[in-house]
Amino acid sequence: MTMPPGDGAKQRSPEFRLAADALRGLRQDLFHDAFAYRPLPRMSVDGPLTRRLPGRLREYAAWTPHALIAACAMFTLLMATVDTNGLGIVLGPLAVIPILLTMVRPVGAFWLSMAGSVLALPFGVGWGDWPWRPSSFACHLTVLTVVAVRTRPRTAAWMWALTAAYGLAAETLFGADHYYYGTNTAPMLVFSALLLLVVAVWHIRRAAEQEVTAQQTVTAHERSRRTLLEERTTIARELHDVVAHHMSVVAIQAEAAPYRVENPPPELEKAFATIRENAVAALTELRRVLGVVRAEDYEAPDAPQPTLADLDGLLANVREAGLSVEKAVTGAVRELPQGVELSAYRIVQEALSNTLRHAPGASARVEVSYVLGGLGLRIVNDPPPAPALIKPSPGAGHGITGMRERVSMLNGEMTAGPTADGGYEVAVFLPVATVSEDVA
C-alpha cells in the first residue's frame, strides 16, 4: 500500500510534537524580543499596610520593588569588592548591571547574567567558586528570582534548565582542575529551584485570586441583572392586572351603556359598539404581549392590588414586628392612577422592610406629599441604638434595585443613602399628569 505524498510529513508522533512545542516555547520565552523594553511598574499602595501610610510616604512606598532590587545590586557589588582583592572594578559591573537591568529588560538581564558569570571566571578561583564566583552566584540567583516574578513559570523553568546545562557543561568540560577546590553547581541548582518554586506558587495563587475576583464580579453582575429582570417581571405582571381590569370595565360599560338609555340613536349604539370592540381588541393584544411574563404556575391575586389607602394597615403590621413608625401626610389627598398608587405602596413597604432588617430597634417616619405635579415620598429611619439587641440581617441589595426600577418605569426620581446622623433616607417623586395635560 502506497502512502499518499505529504501524509508522512503531517503524521507526527506525540514525542515529536512535544519536543517541537518545547522548542517553540523556549524560542518565544527567551529568544523572541529578549531585550524588549518592559519597565518595572510601581507597586500598588492599596494594601492593608500601605493604605495607612501618610500621603508622602505612600508615594515613596510605590517604589519599594525598585528599592529592593537596587539594594540587592549594592549587596552584590560589596561581595565583588571584598572577594576579588582589588578586582572589584572589573567584577562589580558584571554583577551589578544584570540585576539593575531586570527593572527594564528582564529576559535580557538573564542572558547578561549568564555572560557575566563566564567573563568573571578568569579572575581567580577560590574554594568552591567554580563555575560561579561568589558575586556571580548572588547576581544570578537574584536575576533568576526577579525575572521569574516578572514573567511566567514556564520562562522560569527554561532559565533554570539553561542554568543547569551551563553548570554541568562547565564542570564536565573545564572543571577537571577544580574538583579539588569543589564546585558550586549543585548549590546553585538547589537554591534556585527553591526560589523559583516559591515564585511559581505565588504566580499560581495570584492567578487563582484574579480568577476568583473575576468570577465574583461576573456573579454579582449576573445577580444584579437577574434581580432587575425579576423586578421588571413582577412590575409587568402587576401592570397587566391593573390595565386588564380597567380595559375589562371599559368593555363591559360600553356594552351595557346603550341599555341604560331609552331608544338610543343608532349613532350612539354604533359608537358604544366601536368602543367595546376597541377595548376588547386592546385587552387581547395586552394579554398577548404581557402574558409572556407569567409563569406557568402564576395565578392572579384574588384581592385587589394595594394602594396608599392601605398604608395604615401596612404600618400596623410593621409596628407589630417591632418597628416604631410615624406617618405624615401633606397636601390635598386625592386618588391617583392605580400604577402610581401600587408603586408608592410597594416602595414604602420595601423601605420599611429594609429598616427592619438593617436597623433593628430604630424608629422610622413615612412622609406622603400630594403636590400639584405628582406624589412625593420620604421614608427615613434613625440609626439603630448603640447596644444593638438584635443583629442586623445582611441583605442582597435587591430592594433598592426594585425601588429604582419602579420609579424609573414611572419616569420619576429617587435618591437613597445614609443620613448625617447615621440613619438612612429614601426620597421618591412620582410625576402624575394633570387633567389638562391628559387632554392635550
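Helices here are DSSP runs of H or I with at least four residues, numbered from the N terminus. The model is predicted.

**View 1. Val147 sits in helix 7.** The place of Val147 is in helix 7. Val147 has 0% relative accessibility, and buried means under 20%, so Val147 counts as buried. Leaving out residues up to four places away in sequence, Val147 touches Thr102, Pro106 and Met159. Ala109 lies 38 residues from Val147 in sequence. In space, the C-alpha atoms of Val147 and Ala109 are 8.1 Å apart.

**View 2. The largest nonpolar core has 33 residues.** Seven helices each supply at least two residues of this core: helix 2 (14-31), helix 4 (64-83), helix 5 (88-101), helix 6 (106-119), helix 7 (134-150), helix 8 (153-174) and helix 9 (185-256). The largest share, 8 residues, comes from helix 7. Which members touch the most other members? They are Leu30, Ile69, Ile99, Phe110, Val143, Met159 and Tyr166. Met159 is also one of the residues that Val147 touches.

**View 3. Ile69 and its contacts.** Ile69 is among the core members that touch the most others. Neighbours within four places in sequence are left aside here. Beyond them, Ile69 is in contact with Leu40, Ile99, Thr102, Met103 and Val146. Thr102 is also touched by Val147.

**View 4. A second core is separate and holds 30 residues.** Its members include Tyr345, Val348, Leu352 and Val368.

**View 5. The largest pocket has a volume of about 570 Å³.** The lining counts 17 residues. Closest to the pocket centre are Leu40, Pro65, Val149, Trp202 and Arg206. Helix 4, helix 7 and helix 9 are the elements that give two or more residues to the lining. Helix 7 gives the most, with 5 residues. What is the make-up of the lining, by nonpolar, polar and charged residues? The lining divides into 10 nonpolar, 3 polar and 4 charged residues. Leu40, named here close to the pocket centre, is also in contact with Ile69.

**View 6. The whole protein chain, for orientation.** The chain has 14 helices and 5 strands. Of its 440 residues, 34% are buried. Among contacts with a separation of 6 or more, 72% join residues 24 or more positions apart. The chain exposes about 26800 Å². Carbon and sulfur atoms supply 62% of that area.

How values were computed. Residues are numbered from 1 along each chain as its sequence is written. This is a predicted model: local features need pLDDT of at least 70, side-chain atom pairs count only at pLDDT 80 or more; totals for chains, interfaces and linings use all residues. Side-chain values use heavy atoms; hydrogens and water are left out. A nonpolar core is a set of buried Ala, Val, Leu, Ile, Met, Phe, Trp, Tyr and Cys residues joined through side-chain atoms within 4.5 Å. Buried means under 20% relative accessible area, exposed over 50%, partly exposed in between (1.4 Å probe, protein chains only). Contact means heavy atoms within 4.5 Å. On a 1 Å grid over the protein atoms alone, a cavity is a set of points where a 1.4 Å probe fits but cannot get out, and a pocket is an open set with protein on both sides within 12 Å along at least five of seven lines; lining residues have an atom within 4 Å of a point. Grid points are joined across faces, edges and corners, and a volume is the space filled by probe spheres set on the points. Ala, Val, Leu, Ile, Met, Phe, Trp, Tyr, Cys and Pro count as nonpolar, Asp, Glu, Lys and Arg as charged, and the others, Gly among them, as polar. Accessible areas come from the Shrake-Rupley method with a 1.4 Å probe; for residues, only the protein chains shown count as cover.
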